[in-house]
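Please consult the sequence and the model alongside the text.

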Amino acid sequence: MQPTTRAIEEFWTLANARDWTRFAALLHPGLVYEIPQTREQARGAEAFLDVFRTWPGAWRVVPTRIVGDARRAVSEIEFHDGAGVATGISFFEFSDGLICRITDFWPEPYEPPPRQSCHLRRVE
């Protein structure tokens, strides 16, 4: 198993556990997070952490597939939010062993929910 795939397994495990201290240790300070579908973006590990920490609802993630090579990984997940289940596909890039870029895709169209984090911004 690649170190990148182990890191993504840990990423989702710690997110589900809301263990934000250990979760943050996986993130590169210059991390860039993008959701092309909604044109949203957050820059920096602290900003991304705030997005996850403040995500609305009682959600949990079930990874269904994680593949990767030495510098990249992708995960397919089931996102459970109490109202239903959505499929998510996340592309991860690594620098210095830390996650430096995440691009999230959601196959079903949707409007983004109200955000609690001031760090997630729409870009044109």
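## Overall architecture

The model is a predicted one. The chain contains three helices and seven strands. Read from the N terminus, the order of these elements is α-α-β-β-α-β-β-β-β-β.

Of the 124 residues in the chain, 40% are buried. The chain exposes about 6900 Å², and 52% of this area is supplied by carbon and sulfur atoms. Among contacts with a separation of 6 or more, 51% are between residues 24 or more positions apart.

Strand β3 covers residues 60-68 and strand β4 covers residues 72-80; the two pair in the antiparallel sense over eight bridges. A hairpin of three residues joins β3 to β4. Within this pairing, Val62 has Glu78 of β4 as its bridge partner.

Strand β4 also pairs with strand β5 (residues 85-95), again in the antiparallel sense, over nine bridges. Here Ser75 stands opposite Ser90 in β5. The hairpin formed by β4 and β5 has four residues between the strands, and Gly82 in its turn has a positive phi of about 90 degrees.

Thr103 lies in strand β6, which spans residues 98-105. Is Thr103 buried or exposed? Its relative accessible area is 13%, and because residues under 20% count as buried, Thr103 is classed as buried.

Beyond its neighbours within four places in sequence, Thr103 is in contact with Glu34, Pro36, Ile89, Ser90 and Phe91. Ser90, one of these contacts, is also the residue of β5 that stands opposite Ser75.

How many cavities of 30 Å³ or more does a search of the whole structure find? The search finds one. The largest cavity has a volume of about 120 Å³.

Which residues line the largest cavity? The lining consists of Trp12, Tyr33, Phe52, Trp55, Trp59, Val61, Ile77, Phe79, Ser90, Asp104 and Trp106. By class, nine of the lining residues are nonpolar, one is polar and one is charged. Ser90 belongs to this lining and is also in contact with Thr103. In a regular strand, side chains alternate between the two faces of the sheet.

Methods:
Residues numbered from 1 in each chain as written. Predicted model: local features only at pLDDT ≥ 70, side-chain atom pairs only at ≥ 80, totals over all residues. Heavy atoms only, no water. 1 Å grid on protein atoms, 1.4 Å probe; cavity = no way out; pocket = protein on both sides within 12 Å on 5 of 7 lines; lining within 4 Å. Points joined across faces, edges and corners; volume = space filled by probe spheres on them. Nonpolar A, V, L, I, M, F, W, Y, C, P; charged D, E, K, R; others polar. Buried < 20%, exposed > 50% of the residue type's maximum accessible area, 1.4 Å probe, protein only. Contact = heavy atoms within 4.5 Å. Areas by Shrake-Rupley, 256 points an atom, 1.4 Å probe, with all protein chains shown as cover. Pairing = 2+ DSSP bridges.
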